[in-house]
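Biologist: I want to learn how to read a model like this one. Can we take it feature by feature?

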Amino acid sequence: FPVTISQTYHHNVDQHIKMFPYLIRNKINSFRLTSGLFPLWEFNHEMVKADEILLSKLKTLGKLFTDNNIRVTCHPGQFTVLSSDSVNVVNNSIRELEYHAWVFDVMGLPLSSYAAINIHGGKADRSSNIISVYRSLPDNIRLRLTLENDERCYNVGQLLDIHDRCGVSVVFDSHHFTFNTGNMSFAEAFDDTRATWGSIKPLQHISNTEPGMEDAPFNQRRAHSQYIHYIPDMQLEAMRDDTIDVDVEAKHKNLAIFALRERYNLI
């Protein structure tokens, strides 16, 4: 029998609930929730909001995360661009953020960057666009929104300037930083981005260039490796001290996390 979209939604939430013994057993304390929990949301959001059983499951999922002290974040896709010159692109981006914020609201997650909705700056040289849109966002988005440095358009220094003007927290990606330092030292970028989080535990990203690809074209070097082969000293020390949360961005996903833990004695 064909599977309905409603059945797919229920299945997706059910599978997240079922994985909790695995998360707890493996001491996962930070989890990036998929943006694809409810595919085709834009066409079916009224159905989801009217499905009391599905909403109950989503609340159960949120309570499991909260009760087990597992931080939940998300990373909407590359087409979420608040800095665009196109009104349509910005409006579509806000709708995408509204979806993520609604999911987090139903799950009962904090109204702060602890439950980060993390995006990139988007179109270059449009800091004023980002700030203007950011200030106009509803609290359930704005208070959770974070910005991440990238390889081309927004380096750490540019995001720190945006933070100074509107207060948004900055997610430091050490891999992206190697391509776009903005003439900052690693120590400056690491410390200054952490300071943007105030009393909230900072979120950072770790990824690598695949070994052997160091002299390859830019797009191949920027791609995430299968496993983590190198962690900058300051980031590794903070991971060992548990003063930051880190998203591991590697193609082998959970296998890469376990390999990283073993390699760096982070178990």
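Biologist: Is the crossing of α1 and α4 left-handed or right-handed?

Modeller: Keep in mind that this is a predicted model. The crossing of α1 and α4 is left-handed.

Biologist: At what angle do helix α1 and helix α4 pack, and how far apart are their axes?

Modeller: Helix α1 covers residues 5-18 and helix α4 covers residues 52-67. They pack at an angle of about 20°, and their axes are 10 Å apart. Angles under 35 degrees count as roughly parallel. So α1 and α4 are roughly parallel to each other.

Biologist: Which residues in α1 and α4 meet?

Modeller: From α1 come Tyr9, His10, Val13, Asp14, His16 and Ile17. In α4 they meet Ile53, Leu54, Lys57, Leu58, Thr60, Leu61 and Leu64. By class, this contact of α1 with α4 has eight nonpolar, three polar and two charged residues. An α-helix has 3.6 residues a turn, so residues three or four places apart point the same way.

Biologist: Now another pair. At what angle do α6 and α8 pack?

Modeller: The angle between α6 and α8 is about 40°, with the axes 10 Å apart. The crossing of α6 and α8 is right-handed. Ser127, Ser128, Ile130, Ile131, Tyr134 and Arg135 in α6 meet Ile162, Arg165 and Cys166 in α8. That contact divides into five nonpolar, two polar and two charged residues.

Biologist: Which residues of helix α6 are buried?

Modeller: Buried means under 20% relative accessible area. In helix α6, residues 127-136, the buried ones are Ser127, Ile130, Ile131, Val133 and Tyr134.

Biologist: What covers the buried residues of α6?

Modeller: The cover includes α5 (87-107), α7 (139-142), β4 (145-148) and α8 (156-166).

Biologist: Let us turn to a loop. Where does alanine 115 lie?

Modeller: Alanine 115 lies in the loop between α5 and β3 (117-120). Its relative accessibility is 1%, so alanine 115 counts as buried.

Biologist: What is alanine 115 in contact with, leaving aside its neighbours within four places in sequence?

Modeller: With those neighbours left aside, alanine 115 is in contact with Val72, Phe104, Leu109, Pro110 and Arg144. Take arginine 144 as a case of sequence against space. Alanine 115 and arginine 144 are 29 residues apart in sequence, yet 6.0 Å apart in space, C-alpha to C-alpha.

Biologist: How many disulfides does the count come to?

Modeller: Look for cysteine sulfur atoms within 2.5 Å. Here the count comes to zero disulfides. For cysteine 74, the nearest cysteine sulfur is that of cysteine 166, 18 Å away. Cysteine 153 is in no disulfide either. The nearest cysteine sulfur to cysteine 153 is that of cysteine 166, 18 Å away.

Biologist: Why does cysteine 74 count as buried?

Modeller: Cysteine 74 counts as buried because its relative accessibility is 3%. Cysteine 153 has 25% relative accessibility, so cysteine 153 counts as partly exposed.

Biologist: Last topic, backbone angles. What is the phi of asparagine 183?

Modeller: Asparagine 183 has a positive phi of about 65°, although it is not a glycine. Asparagine 183 is found in the loop between α9 (174-179) and α10 (186-195). At 79% relative accessibility, asparagine 183 counts as exposed.

Biologist: And where is the place of aspartate 242?

Modeller: Aspartate 242 is in the loop between α12 (233-241) and β7 (245-248). Phi of aspartate 242 is near 60°, a positive value in a residue other than glycine. With 44% relative accessibility, aspartate 242 counts as partly exposed.

Methods. Residues are numbered from 1 along each chain as its sequence is written. This is a predicted model: local features need pLDDT of at least 70, side-chain atom pairs count only at pLDDT 80 or more; totals for chains, interfaces and linings use all residues. Side-chain values use heavy atoms; hydrogens and water are left out. Buried means under 20% relative accessible area, exposed over 50%, partly exposed in between (1.4 Å probe, protein chains only). Helices (H or I, at least four residues) and strands (E, at least two) are DSSP runs, numbered from the N terminus. Contact means heavy atoms within 4.5 Å. Axes are lines fitted to C-alpha atoms, for helices over the stretch in contact, and angles run from 0 to 180 degrees between N-to-C directions. Angles under 35 degrees count as roughly parallel, over 145 as roughly antiparallel, 65 to 115 as roughly perpendicular and the rest as oblique. A crossing is left-handed if the near helix is turned anticlockwise from the far one by less than a right angle, and right-handed if clockwise. Ala, Val, Leu, Ile, Met, Phe, Trp, Tyr, Cys and Pro count as nonpolar, Asp, Glu, Lys and Arg as charged, and the others, Gly among them, as polar.
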